[in-house]
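I opened my notebook to get to know a new structure. Come along as I look things up.

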Amino acid sequence: LTVEATAPLAVFDYEKRKNYRIFIPCKDNKIYAYNIEGKIVSGFKFSGTDHKVTKPVQYFRNNSKDYIIITDKQRTYILDRKGNERSTLKKRFTPSEKNIYTLQVASENRKARLVTTDNAGTVQYVYFDGSVESQKFSEFSEKHFFNLQDLNSDGIEEFIFIEGKELVAYNSQTKKLFDFKFSNQISHSPSFYKFSAKDIGIGVTEAETNKIYLFNNKGKVTEGFPLKGKTRFSIGVLAPGSGRFNLLVGGDDFYLYNYKLN
């Protein structure tokens, strides 16, 4: 790169034809688009952001239109493939430091929208025409983590926050569904695992105590947890046909732990 990168790269394949585009935010407040050979994509003409970008560029498709989303510390940019602004937010907010956008698909009662939080933890709903709605669940610091997940597979997402030492989940009416208090601050974003259509797990790492937790979709700690580990962890099937999940996590002294899950 000719300029130092400020955020992780993002890779998109608009038409699912393996015609990849690589987007990298850089220190000069410009977003560089490359093809898979590492050559600049001349058709992307975005002039740049007002402030440094520290989150990866995001891509969404809605109603057969492409939307490239770029977020700096003060503003969200909604672009087309060429870098032209598709819409401008009609209400500005300061995006939260640690969280990105999630697409919430259209329902019978509303249009599709993008969901994130601002630096006070207020949920912000951004529609593709630039309109913005807000919903407050509780008081949160600017260091909070936020996720939107359908935990019980009923087609309605739950709102999951981690604030300091606490994991908490709400329904869409701001009713608290569950919470859990750890003994130390949580410094990693949570992970989510789909074991079956109605079995969603939440993974949280308490790095200071070298413990990892797996919660079920009702906020209960899974039997056998916490386990030893100090990074975010992955869960998957290592041996096809085995019917068994393995959990991989980083530990002390450069060890990688491999747990078999029942």
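Predicted model: local features only at pLDDT ≥ 70, side-chain atom pairs only at ≥ 80, totals over all residues.

**Entry: overall build.** I looked up the secondary structure and found 22 strands and zero helices in the protein chain. Next I checked the radius of gyration: it is 20 Å, close to the 18 Å that the globule rule gives for 262 residues, so the chain is as compact as a globular protein of that length. I also wrote down the span of the C-alpha trace along its principal axes, about 55 × 45 × 35 Å.

Entry: Among contacts with a separation of 6 or more, residues 24 or more positions apart account for 32%.

**Entry: charges.** I looked up 40 positive and 30 negative side chains, and the centres of the two sets lie 3 Å apart.

**Entry: aromatic rings.** How many aromatic pairs does the structure hold? I found 24. I picked out Phe140 and Phe161: their ring centres are 4.3 Å apart and their planes are at 10°, so this pair is stacked. The pair links distant parts of the chain, 21 residues apart, with Phe140 in the loop between strand S11 and strand S12 and Phe161 in strand S13. Are these two buried or exposed? Phe140 counts as buried at 10% relative accessibility, and Phe161 is buried at 0%.

**Entry: a cluster.** Last, I noted that ring pairs link Phe12, Tyr14, Phe23, Phe44, Phe46, Tyr59 and Tyr77 into a cluster.

How values were computed:
Residues numbered from 1 in each chain as written. Heavy atoms only, no water. Helix = DSSP H or I, 4+ residues; strand = E, 2+ residues; numbered from the N terminus. Rg over C-alpha atoms; globule rule 2.2 N^0.38 Å. Contact = heavy atoms within 4.5 Å. Lys, Arg positive; Asp, Glu negative; His and termini not counted. Charge placed at Lys NZ, Arg CZ, Asp CG, Glu CD. Phe/Tyr/Trp six-rings, centres within 6.5 Å; stacked < 30°, edge-to-face > 60°. Buried < 20%, exposed > 50% of the residue type's maximum accessible area, 1.4 Å probe, protein only.
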